[in-house]
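Student: I am new to this structure and would like a close look at a single part of it, followed by a careful account of how that part sits among the rest. Could you take me through it step by step?

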Amino acid sequence: MTNRTDSRRRFLQAGCSLLACGGVSALLPQFNLIGSALAGSLPGGYRALVCIYLGGGNDSWNLLLPNSAEEHALYVTARNGLYNALNNRGGLAVPRAGSASVDGQLPAAVALNGGQFAVNPFAPELATLYNQNRLAFVANVGTLVEPITRATYSDRSRLRPPQLFSHNDQTRLWHAGTSASNSQSGWGGQLAATVALPGASTAGVPPVISISGQSRYLLGTLPGGQPLSPLVLSTSNRPATELGNYSGTNANQFHAARRAALEELVNAASPHPFTQEYGDIMGRSLDLSVRLNNYISDPAVGDADLGVAWPDSGLARQLRTVARMIRISRGSGSAINANRQVFFVNQGGYDTHDDQISSATEALGHHRLLQQLSQAVAAFNQAMDNISAQDDVTAFSMSDFARTINSNGSGTDHAWGSVQFVTGGAVNGGTVYGRYPRMSLDNQLGASGAVAPEQGECFSRGQFLPTIAVDQYAATMAQWMGVDTSALATIFPNLDNFRAGIGVYANAAATPPFAYFDHRIPGLLGA
Amino acid sequence: MTSRLLLAPLLLLLCSAAGAQSLFSDSFEPMFDRPDDAEAARFLNTASFGATRQEINRIRATGVYSWIHRQFALPPTLARPFMESLAVSENLAGRSIGQTQRVQRWVDTAVTAPDQLRQRVAFALGQLIVVSDRADSLSGEAIMMAEWNDLLVRNAFGNYRTLLGQASRSPMMANYLTYLRNRKFELTPQCARNTVGTPVSCTSSSAAQPPVIVAYQLPSGGARVPDENYARELMQLFTIGLIERNLDFSPILVDGQPVSTYTQEMIVTLARVLTGFAYSCSGDRQVQGRTISRTCAVNPTSFPGTPGRLVINGRSDLVHPDLYEPMTCVPRFHDTGRDRVGFQLPGMEASAPVGAQIQLGAGETIPGGTPAASKPLELAGSVMLTLAEVSPGLARTDALNCDSGTLTTAQYAQCRQYCDNSLDAALDLLFAEPNTAVMVSRHLIQRLVSSNPSPQYIERVAQVFVDNGAGVRGDLKAVVYAVLQDVEARRPLAQGGFAIGSGRTVEPLLKPLQLWRSIGAVSGDTDANGYRRWARTTGPCSPGNWPQCAYQQRPLGAESVFNFFEPDYAQPGAISDLDLVSPEFQIINENTTMLVANDLYAQICSGWGSSNNCHGALVSPVPGDRAHFPAQALDALPGGNCGTSCSAAQDAALIGELDILLLGGSMSGAIGNLADPGAAANHGMRGTLFRLLREGISGSMGQAEAQDARRREILYLLHLIAVSPEFNTRR
């Protein structure tokens, strides 16, 4: 069977002898020509995006909370009162920044510059980054097909995203960057396929790299039709897992004989697509793992921790591997010499139906997650500083959805619009982009006691209707990576639905207050 | 070639005409019932954790039909009683037990238990109705998880409705999907004697000036609304799925669009049905001959506490059975449906509302309810009740108040019955939905036989789910039979079973299990308590994180309720270009293929050589804490006992046997020229392995016993096959 995956694999292995793989570098000069031609049309030298996925649906209304006296009071009411370990264990609210400490209550939130907002007390590092203008929040972003209000949701005159409130479906939409539910690819993969040098010219390392297993976010299709799928790495010091006991360079003839047989089995074309695919994956891994590990652990590239005291969490370990990969990928003298890379890391556990807050003082439940997130993001920023890559790398969060404002007794259920953050040197930080809604249940335009448009609409448990589409959020990142306007329209086919003044949305009164954003969120990222 | 192409459609045609029940009763059964060795092994690799020579011979002697029915009749091998016994013996010895022991017991059962088909189906069901020990509330509860395992094992050949009922009342599920002690939503009414004035108690009974509700107030402690977690996953994953489907799994389209099976409103309503359930309180109990005490209130108006544990020697792994036995309802917290919004699923009669409202029309005798009128805020169109009503149109004075703290035992039982009826009514409705038959059938086909079954195959199995031939819906024994004996599962490789897109990817965890079982590994554990460990842990794997460290799977230990992988995951590239799905590929990547390969090496070489590297003889004594392949098992293989003087025919025989046992005869290529290993007639995987054996795979390396050289060759050969792309596909 001569299919393209087979030919791709053979191509990658063209420089490898059967027994000693490592000859790819000999092919690099000609690839560099391709690289410089492509890179010429893109801004900057190297750029990378790091997607931090918060699996399970982060209760982001408790990450960034309102801090004016009036808005905070509404928030407290809507969240069933201030949490108190002694007498209100079902309450979810965090005390306002600057409040005096009260027995049984959580520590006060950390105020952000401007005083309008505050950050959860277990995530002070994020507040610091914000106040240093290196981190921005984006408020009330979520999956949308087109602008929608409660009225147009109810009368079905506007399309709803498919399968709202369902974990896997909403995750898929966030990864796809568009509410086309059958999409098998992700916007990270698609943008990399558009602007990044292919793996063939970056020492075999594809421009999409996951430190958390397979991720649909990183799947794409290259211009020639070939699939782009992520290299999956671990958090070990040698992050590409190597095959043991088959050393291609072991002098023992029997090692060599078994290695040769293995390569025959792996490289054999199979008429069965599952068998073929498994061989392709193993082939890539055999080709790349030892070489990549040698690059990344070369003492000449520097300390494996990049001078950072990494916190002890899975997320921090994943981001450490990302930082190490960036170090060997960035710049013409680097081993990989990539122009664009997209990384995926994942922190699970956010599906806090239960025990969301179970201690006022200890970082348990949701607070443990926020603490790990905050510390890991701070460490990653520090690492980027230490290798002077801060302006070339933007990290951002995504999550299935936010959660209901009110409590189910000890936790929260699935909701919709959410707060996300974007951080890095290219971010115009210290700002909350978008419109942070008023935290009261059952906000509704046009109802008695109607709320103003900027106060946001929600269903009765505080499931906010998004006022920024995932598409806009993602396109902002994609454009920074160098995706041009026409390619944006391909990757995000619904993007035009969110432009102000277009078609049915020209009527301002019928338009929810998000269409004021264009294709991207203005000002969030530099050019 | 022509005849093969004609045969398949013909078989399909005949099958659909014959109807599901009589599929193999006449003309087809003889064709498939007495397969050759390879086809018998291929069948066993779907219906068990690995073909063995003994089972192949049994099928050759008595047939597939007989084998399946013997499996149906075998008693279930259970985990929880064993774990309770182990808890006592380990605690007495000053050790604790945990999930590690449960997982090792599961491996021991998978590899050695006689009731292979039951265990295999239970493993598949556990990936549909997911409870995982990764949840904080269950990670420390090995006995609860063992009982969850047993619940699946006991019901594997039972009825799906029974399984749904037991799962929904299981404290394991309630912990996992967070509806343990789920409470109804309540608002406290504020009353006045007139429309203005000082609030008074709403229960005031002054006839002259009856109280009037003037406002509602959240109860102290904040609003509690029922947790929606289980309501959602019960519908999305365990029964009806997200969109309406035909019996062949194709979506039902209206105006070209799929139709959702449920709305958020239905989830809210179902969540209300699922209120009130908590741990039972059965008083003192005997477990393993020891008493575990528990104090219970009569007719409780609060949830019973968490069942306790018995402290033995300072450790406390033995738990009160209430911790894992079916929950009961505390009616005080069960929503009695005091709103006017029904819970309905598409396709059902409007006159059959479910859940809390189920008895509102006919069952006025036990409507429940309290004077504290309430309604969920979310349900548009619902009308506030008047103080005089407990249900729409039903006066408070006529009703039994299940919130009351002074119910007689008979009344309490009535209230509890109401709660149970609500749940059963909801489950009945979900079970009766046509989609449930499709979703369960497709899942079992995907886990046992094929990732991409034809629509006809799904429909044939779903028809059996709908009616087992005796008018019974949801008979899993009949469904399993239909899955295994379908023409699409049993069509011999030589007659089209090799078709592109046929078969499935092996779940990674099944690889070591199959090697151990098919090649006859044994555990070196000899402890009298019967606890036998299998895995050797090395590299990234510790005893606590094996097997997910390598295989990304762990029995009853999925990352989330969405299982280890999604049923519709399609690997990009050739697979998705062919419109195929490949669920298992979601956990197969550059990293995991190598982790699996390295762990398989650790398992295969366990005990061989001074450092478990296969470079020497089996150590003596054999490792006492894990499995190894005994010399006799290797020597017994055809071509396995020829030392350093093996002939080409013996090498070919060895490869042939491993092909049958491990690949069901599907290994590619041929060994067509024994005299010249390099000849073109030796090609494909068989040719590669043959050349390797002929040209020297390991040499003698100074073995004291020449036969150890052959054993080492066999182990190396096993590993090459185990990591090969072909071993990853089952057809």
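**A glutamate in chain B and its surroundings**

Tutor: Leaving aside the neighbours within four places in sequence, B:Glu657 is in contact with B:Arg53, B:Leu637 and B:Pro638. Before going further, please keep in mind that this is a predicted model, and that everything below is read from that prediction. B:Glu657 has its place in helix H25 of chain B, which runs over residues 648-663. With a relative accessible area of 7%, B:Glu657 lies under the 20% limit and is therefore buried. One of its contacts, B:Pro638, is 19 residues away along the chain, and the C-alpha atoms of B:Glu657 and B:Pro638 are separated by 6.6 Å.

Chain B has 27 helices and 19 strands, and of its 731 residues 63% are buried, B:Glu657 being one of the buried residues. If we take the contacts in chain B with a separation of 6 or more, 72% of them are accounted for by residues 24 or more positions apart.

Just after H4(B) comes B:Gly63, which takes a positive phi of about 95°.

Two pairs of helices in chain B show how such elements are set against one another. In one pair, helix H6 (residues 80-92) and helix H10 (residues 142-155) of chain B have axes that come within 8 Å and cross at roughly 160°. That angle is over 145°, and so H6(B) is roughly antiparallel to H10(B). On the side of H6(B), the contact is made by B:Arg80, B:Pro81, B:Met83, B:Glu84 and B:Ala87, while H10(B) brings B:Ala142, B:Ile143, B:Ala146, B:Glu147 and B:Asp150. Sorted by class, the contact of H6(B) with H10(B) has 6 nonpolar and 4 charged residues, with no polar ones.

In the other pair, the axes of helix H16 (residues 434-448) and helix H18 (residues 476-485) of chain B come within 10 Å and cross at roughly 50°. This crossing makes H16(B) oblique to H18(B), and the crossing is right-handed. H16(B) takes part through B:Val440, B:Leu444, B:Ile445 and B:Leu448, and H18(B) through B:Leu476, B:Val479, B:Val483 and B:Leu484. By class, there are 8 nonpolar residues in the contact of H16(B) with H18(B), and no polar or charged ones.

A cis peptide bond joins B:Trp546 and B:Pro547, with omega at about 10°, and B:Pro547 is found in the loop between strand E15 (522-523) and helix H21 (548-551) of chain B. The peptide bond from B:Ser620 to B:Pro621 is also cis, with omega near -5°, and B:Pro621 is found in the loop between helix H23 (590-604) and strand E16 (627-628) of chain B.

Finally, a few words on chain A, which has 13 helices and 14 strands and in which buried residues make up 62% of the 527 residues. A:Asn133 has a positive phi of about 65° although it is not a glycine; A:Asn133 lies in the loop between helix H4 (124-131) and strand E5 (135-142) of chain A, and at 43% relative accessibility A:Asn133 counts as partly exposed. A:Asp355 likewise has a positive phi, near 50°, in a residue other than glycine, and A:Asp355 lies in the loop between strand E10 (340-347) and helix H11 (365-386) of chain A. At 47% relative accessibility, A:Asp355 counts as partly exposed.

Conventions: Residues are numbered from 1 along each chain as its sequence is written. Chains are lettered from A and ligands numbered from 1 in the order in which they are written. This is a predicted model: local features need pLDDT of at least 70, side-chain atom pairs count only at pLDDT 80 or more; totals for chains, interfaces and linings use all residues. Side-chain values use heavy atoms; hydrogens and water are left out. Axes are lines fitted to C-alpha atoms, for helices over the stretch in contact, and angles run from 0 to 180 degrees between N-to-C directions. Helices (H or I, at least four residues) and strands (E, at least two) are DSSP runs, numbered from the N terminus. Angles under 35 degrees count as roughly parallel, over 145 as roughly antiparallel, 65 to 115 as roughly perpendicular and the rest as oblique. A crossing is left-handed if the near helix is turned anticlockwise from the far one by less than a right angle, and right-handed if clockwise. Contact means heavy atoms within 4.5 Å. Ala, Val, Leu, Ile, Met, Phe, Trp, Tyr, Cys and Pro count as nonpolar, Asp, Glu, Lys and Arg as charged, and the others, Gly among them, as polar. Buried means under 20% relative accessible area, exposed over 50%, partly exposed in between (1.4 Å probe, protein chains only).
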